[in-house]
Amino acid sequence: MADFPLLRKTAAGPFETVSEALGVRSGKREPSLSFEFFPPRDEAEAADQLWRSFDALMEVSPDFVSVTYGAGGSNRETSLGVVERMAKEIMTIGHLTCVGGSRASTAETINRFEDAGVHSILALRGDPPKDNPGALQTGELRSALELVHLVHQTSNLEVGVAAFPEVHPESPHMEHDSMVLEMKQAAGASYAMTQLFFTVEAYTDLVASAKVAGATMPIIPGLMPVGNAAKVVRMAEMSGAAIPAELMKKLENASDAEARIIGMDYSIQLARDLIDAGAPGLHIFSLNLSKAALEVARGAGLCR
Ligand SMILES: Cc1cc2nc3c(=O)[nH]c(=O)nc-3n(C[C@H](O)[C@H](O)[C@H](O)COP(=O)(O)OP(=O)(O)OC[C@H]3O[C@@H](n4cnc5c(N)ncnc54)[C@H](O)[C@@H]3O)c2cc1C
């Protein structure tokens, strides 16, 4: 938009790291805007959809984007290909999972990410793939914390980690997750990004708990626009995030068109409330679609 002419429109954006985009170094207070994509599952149509959405979302000058990675490295080459292409245009975070991997193969992937132009890695454990349920026991790297260490030992990349407003499904309680976050920070992680969630309290409780444990790094809320209610309900179930009963009831009693309006109004209000509550930015799960992601970004006043 006219007020922010060329600042965010240079080839790969003005920021080198997520920390910079969040103003950790400069003291900038403007919330960041970023989008998550996943590598297409091979069909040309899906790839076309990804790149059309990417181009549309680049129009609002996000600060960075991220690309997911299949647990077990199933889509390593596709993920690297997507990351390499995006990194030419904008600062790109490569998600990396370590479940089932060896130290050597994971270190090689880290170097491939660096060569692909990535400046930041979201270091994740991942969940065991369906075809290899024992991967957690057989792999050399057992937790994201070990991956944070490995990224630091083998590259100069900035490292981010996952955070869970609704508590990680394997964790006994939020304090445990917060202790793990603090250990990741001590190992060199400089920001966290959250799993999807649906209330501002879930986010503020997480930030407060993390702070008590000494994890003071910025925690960027991950927001899933409720554009396609049925799809979001499925994803919420998979991640263990609870959809508020009142919202669920309204969605159930609505036609598809009404459900979209209800869901998007809810998502935009949540985005605004998160910013008002002090979130350092918003990371919007685009699902490789641009319309709903743009509506939330615009509704939250984050488009440039
Ligand atoms: C923003 C975001 C992006 C994601 N992107 C992807 C993706 O691209 N691909 C993908 O496959 N998955 C992705 N995930 C899902 C993630 O891989 C799973 O949620 C996984 O179950 C946990 O990953 P983690 O990095 O938090 O693991 P970990 O940090 O290893 O935690 C796993 C469990 O172990 C516990 N734990 C860890 N370390 C310790 C310790 N030292 N002592 C005691 N307990 C410990 C934690 O509390 C937690 O319960 C993403 C999640 C988020 C939030």
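Contact means heavy atoms within 4.5 Å. The model is predicted: local features need pLDDT of at least 70, side-chain atom pairs count only at pLDDT 80 or more, and totals for chains, interfaces and linings use all residues. Residues are numbered from 1 along each chain as its sequence is written, and side-chain values use heavy atoms, with hydrogens and water left out.

**Exercise 1.** Determine where Ser 79 lies, whether Ser 79 is buried or exposed, and which residues Ser 79 touches.

*Solution.*
Step 1. Ser 79 belongs to helix 3, residues 76–87. Helices (H or I, at least four residues) and strands (E, at least two) are DSSP runs, numbered from the N terminus.
Step 2. The relative accessible area of Ser 79 is 0%. Ser 79 is therefore buried; the term means under 20% relative accessible area, with exposed over 50% and partly exposed in between (1.4 Å probe, protein chains only).
Step 3. Leaving aside residues up to four places away in sequence, Ser 79 touches Pro 39, Val 67, Thr 68 and Tyr 69.

**Exercise 2.** Describe the order of the strands in the open sheet and identify its edge strands.

*Solution.*
Step 1. The open sheet has 9 strands in the order 7-6-5-4-3-2-1-9-8, and the pairing is parallel. Two strands pair if DSSP finds at least two bridges between them.
Step 2. Strand 7 (219–220) and strand 8 (222–223) are the edge strands, since each pairs on one side only.
Step 3. Within the sheet, strand 5 (residues 158–163) and strand 6 (residues 191–194) run parallel and are joined by 4 bridges. Ala 163 stands opposite Thr 194 in strand 6.

**Exercise 3.** Classify the packing of helix 4 and helix 6.

*Solution.*
Step 1. Two packed helices are described by the angle between their axes and the distance between the axes. Axes are lines fitted to C-alpha atoms, for helices over the stretch in contact, and angles run from 0 to 180 degrees between N-to-C directions.
Step 2. The axes of helix 4 (residues 103–115) and helix 6 come within 10 Å and cross at roughly 60 degrees.
Step 3. Helix 4 and helix 6 are therefore oblique to each other. Angles under 35 degrees count as roughly parallel, over 145 as roughly antiparallel, 65 to 115 as roughly perpendicular and the rest as oblique.
Step 4. Among the residues making the contact are Ile 110 of helix 4 and Leu 147 of helix 6.
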